[in-house]
Amino acid sequence: MSVQTLDVKSSGPNEHGYRSFSLGEVTFSRDEYFVYVKWPTGRHVMSADAFLRSLQRDVAWEFFYGIVNFDGVIGTVNHYGTVDLFAGRYNDAYRKAELDHVENFPTPRIKGTFAAMLDDWTSATFDPFASPHETGTAFGPKAGSNTAAVTRRRVTAKRMVGVPGDEPLRSDATGHPINRHFLDVPQDEPTILAEPGFEGQVCAFSLFAYLSRSNVTWNPSVVSVCKNSLYCPTTEEYILPIIHGNDRVEWFVQLSDEIYWDVEDRDTGAVRAKVVMKPGDVAAMPADIRHQGYSPKRAMLLVWENGSPDIPALIASGKAPTNPVSF
Amino acid sequence: MTKYVTRFGSLEHYAKGGVEIIDDDPKRYTFSNMFEVAARSKPYEKVAVGKNMQYVLEVLRAEGTSEWRAAAHDEFALVMDGEVEVRLLKLADPSVVPPGKEGSIRLRAEPTGRKMGLVRARRGHLTLLPAGAAYQFHADRPGVILLQTIAGDDTQYRWAEICQTM
């Protein structure tokens, strides 16, 4: 049986209970352990848990900035209106063998298919945003769904979290208990003394307490906005499920604990550097690399982005450098 | 049950990570540590530790009382160490900050205007410095502020001094 809606093409459930999906010439299917991706010149297998964690970020971030590599073979490139779905495009061996494949789709179409796949393939026991210790299994035959988890709204403050009318603070009452790794993080809020007439205009909040109550990992969310300068802190535990390929310079500020980064050439995957970040460290990720992080304990990381839509074209045309600064 | 300890840095206690180069130039990673930068800075110097086109992250060593400053756009002060009092004042004459001016400007003296209030911020607290308001920092003991802003006339660039180069 084939099911086709306006944007999503899928089959009926297979013997494991999961539907298969297609986007152009690329097909996706899964069984109890694995996800199978096929395109005209090749095929690829991923563990279902790793695939779903990557898929979750791609959907929630609206394909983020630049390239979201699910692994060394498949992924997406955001063109901000359309999205490339690729296999082997950023893998030197696939490129040389001419086995790579790229298709471009309007963002709503690929997002619709990815969201439907994520919802169908995520059973009730699994939360792709949670750390491995905080979720059940992604494996086995289909067993219910976890729609509430996979459709979480991404926090995007317009000015600053806590400002009246903007994103709210987190608390037990909002369903955000302090994470087990952050029980020692002070929960005191800043003292605010506003003069009469300026209530609501003198604003501050505890970012560290806010982050200690995050119920997701590797999910940058916007907490303060200075024009296109975006503070996107996130809490990190275990492995960044995707390998993020930059289309602009991205900055990391380590707020707490420690994260190890592998840095590779964005286009070929050749290893370039390893970065160890400790509290207070600041580092740039140049615009021509891809990176993946490892966090042994839940850590607070401030990801700092320039959200200007003009940057990818400036860098691609050589009008802006791939390095953050020259000295 | 494991008891987890969250590690933050401070002026007194910080350990720096680093870049291990396989096939690249370490300068491209612009790697520094804000506590090390603040430890070597004069009070309230605005030292850039991050730059993304016109936008910057500045590290300020909070110690004593700062000058009054104001910007035509919002800025955000994250206290990374110590306790900082942030004093806010609504400028009687907003034109002292030219519209469209990027980065904050130094005000020659305490500006005239209505007091908006103050914030006492400790480690991890993020304070909005609203567009069109003057602000002044005060810290009884040395602390560290990370400022989200736009590069301005007083932004200091010391990349060769603060960043890993080898």
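User: What makes β14(A) mostly covered?

Analyst: Eight of the eleven residues of β14(A) are buried. A residue is called buried if 20 or more other C-beta atoms, placed from the backbone, lie within 10 Å of its own, exposed if 12 or fewer do, and partly exposed in between. Strands are DSSP runs of E with at least two residues, numbered from the N terminus. A word on the background: this is a predicted model, where local features need pLDDT of at least 70, side-chain atom pairs count only at pLDDT 80 or more, and totals for chains, interfaces and linings use all residues. Residues are numbered from 1 along each chain as its sequence is written, and chains are lettered from A in the order in which they are written.

User: Why are β14(A) and β20(A) said to pair?

Analyst: Two strands pair if DSSP finds at least two bridges between them. β14(A) and β20(A) have ten, in the antiparallel sense, so they pair. Y231(A), for instance, stands opposite W304(A) in β20(A).

User: What joins β19(A) to β2 of chain B?

Analyst: Two bridges join β19(A) to β2(B), residues 32–33, and the strands run antiparallel. D281(A) has N33(B) as its bridge partner.

Methods
Helices (H or I, at least four residues) and strands (E, at least two) are DSSP runs, numbered from the N terminus.
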